[in-house]
Amino acid sequence: MTKTIGNSGVGDHFPGQPATVSAAAEGSSGIGSGHFIESDIDEELFRFNSDDTPLMNLMLKAKRVKVNSPEVEHYMIDEPRSMITVSEDIALQTASQTILPLSPADQNLPRPYSTLLVKGVDGYDVTGQFPTVGQSLMLFVIGQDNSTNCPIVRAVNGKKNNPEDEFSIIPRIPAGTKIVILANSLYETQKEVDPDLIVPQPTRIYLQKRGMNQVVSDYFDSQKKRIPFSKAVIAEQAIANFKVRGNRTLWAGRAGKFKLNVPRMGFQCVYCTEGLRWQFKRELMHKGRWTVEDVIAMAKMFFTGEDVPKSALLLAGKNLLEQIQCIDFSKHPEIQISTKTNSLGWTVTNFHTVFGDIEIKREPTLDRLGWSNSGALIGEDRLVHYVYSSEHSFSDRVEGEEATRNGILIWDALALKGSCHIWIDGDSEHASGSALGIKLWSSEEAPADAEEGDVYYLTCDCPGISSKARTGQMWKMTVEENDEGDMVNVWTLYTGEIMTE
């Protein structure tokens, strides 16, 4: 009989073996059946503790969606984009209108009759003669250029050659300027505008069928044994193992679909679900000690994006939890940390910030997966539990044997909804897949090891990046060719689709 090594290095597992007296005796150093030696047993070992599987318990509390297929089109619908970027310099105009140069991804967002706020470019007073410092220029979209597909705009509060002029001209707008899309503005008899076509882009989610079987012979069940093995104790440990392995799958499983040739049944499909770890669209890359400023920055990113959740739950590995617990709060007496029982019945550490509260709980499964320095900041109300077949148990007699087969079956998947969730990565060097990796930066010097496409969240002013680089902003580094033909690092304020400024 082949034994396997358990989590603590003890060779006490016999996968695939029914619970018979002979099998159990053979696993006990060859002691014959009916001669089990008497010894103490740690009852806690067999007691299933829900704290070992927080993510699974969180899934059971999430919004439940009954589906009719193991393949689901999952829509992570986000808020529409609010900001676009000017792709080329616009010189001071002499005409009352001009083409607004935008990238192909931005060209169709400003529709006719929309108004646009130009960040960083001052408008003019009602006479059009004097700039209104700090008060932005606003543009009005009058149509679309057929050759470039870019919008044609007119200045609402631009410069005028004479105060009596009907229309103003557009001042210089540098390339890279951010423009906020505001509401449309209609003329007095207008009632028709371009409709908004929103076509959500789905992702395919596979629901994984998981099962647990336990076979107990009639003789084993009736045999009087000195070791207090009973069906209840065996079942409890089997269920605990089933739940713990399922929790690992909810975190780290990879999506897949393939066929197996089953005897007497032909080809059948097997589905593997995608773990939550690989569904995050934002990853906070963090190395070293945590500070109060780091936690505040994390709370700001979580609570002030386009998708704002009601609450924040941080499921943390043991090293990340230790780092957060050891933060020096002496300089921040306003920060409140307390222990409370949350809505799920867990005892959590509550970290109060001005942006919102973060509930922190240890997730043992992350340690077992090698992610002790990492964690997941999750919006509890932004989870979906897809169920094809609800968890149910069964009890059958084994055909041709004096034994009973008991088991559990479930067919489901867990998916993230919205873009608020953040994976805190303290174990990897780069973000995974297509996720946006964000690094915290707390120095006045620009990072020397920055790579193409890196995004940094500033926890202090950083003149090394730019004289305009302020605390709380995000800056992205790209490598571009200068006028002399040399490749240089160029820093730009980051206002991507997932994050807001």
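Does E274 count as buried or exposed, and at what relative accessibility?

Mentor: E274 counts as buried, because its relative accessibility is 18%. Buried means under 20% relative accessible area, exposed means over 50%, and partly exposed is in between, with a 1.4 Å probe and protein chains only. Before going on, note that this is a predicted model, in which local features need pLDDT of at least 70 and side-chain atom pairs count only at pLDDT 80 or more, while totals for chains, interfaces and linings use all residues. Residues are numbered from 1 along each chain as its sequence is written, and side-chain values use heavy atoms, with hydrogens and water left out.

E274 sits in the loop between β14 (266–272) and β15 (282–285). Strands are DSSP runs of E with at least two residues, helices are runs of H or I with at least four, and both are numbered from the N terminus. The side chain of E274 has a polar contact with the side chain of R254, at 3.5 Å. A polar atom of the E274 side chain also lies 2.6 Å from the backbone nitrogen of A255. A polar contact is a pair of N or O atoms within 3.5 Å; within protein, one must be able to donate a hydrogen and the other to accept it, and residues adjacent in sequence count only if both atoms are side-chain atoms. Leaving out residues up to four places away in sequence, E274 touches G253, R254, A255, Q279 and L414. Here a contact means heavy atoms within 4.5 Å.

Now the chain as a whole. The secondary structure comes to seven helices and 27 strands, and 42% of the 501 residues are buried. Of the contacts between residues at least 6 apart in sequence, 65% join residues at least 24 apart. The accessible surface is about 27,200 Å², and 49% of that belongs to carbon and sulfur atoms; such areas come from the Shrake-Rupley method with a 1.4 Å probe, and for residues only the protein chains shown count as cover.

The buried part can be followed through its cores. A nonpolar core is a set of buried Ala, Val, Leu, Ile, Met, Phe, Trp, Tyr and Cys residues joined through side-chain atoms within 4.5 Å. The largest one has 33 residues, and those with the most contacts inside it are L284, W290, M298, L314, I358 and L377. At least two residues of this core come from each of α5 (292–303), β16, α6, β19, β23, β24 (436–441) and β25 (455–458). The most come from α5, which gives eight. Apart from this core lies another, of 22 residues, among them F280, L366, I378 and L383.

Helix α6 (residues 318–325) has L320, L321 and I324 as its buried residues. They are on the same side of α6, because they cover an arc of only 100 degrees around the axis; that arc is taken from the directions from the helix axis to the C-beta atoms. The buried residues of α6 pack against β16 (312–316), β19 (357–362), β20 (375–378) and β23 (422–425). The residues that L314 touches include I324, I358, L377 and I424, with residues up to four places away in sequence not counted.

Strand β20 is covered on both faces: G375 and L377 are buried on one side, A376 and I378 on the other. It pairs in the antiparallel sense with β16 over four bridges, and A316 has G375 as its bridge partner in β20. β20 is also antiparallel to β23, over three bridges, with L377 opposite I422 in β23. Two strands pair if DSSP finds at least two bridges between them.

Strand β17 (residues 336–341) is another matter: zero of its six residues are buried, so it lies largely in the open. β17 is joined by six bridges to the antiparallel strand β18 (residues 347–352), and T341 stands opposite T347 in β18. The two strands form a hairpin with five residues between them, and G345 in the turn has a positive phi of about 85 degrees.

Most residues other than glycine have a negative phi. N149 is not a glycine, yet has a positive phi of about 70 degrees. It is in the loop between β8 (131–144) and β9 (151–155), and it is partly exposed, with a relative accessible area of 32%.
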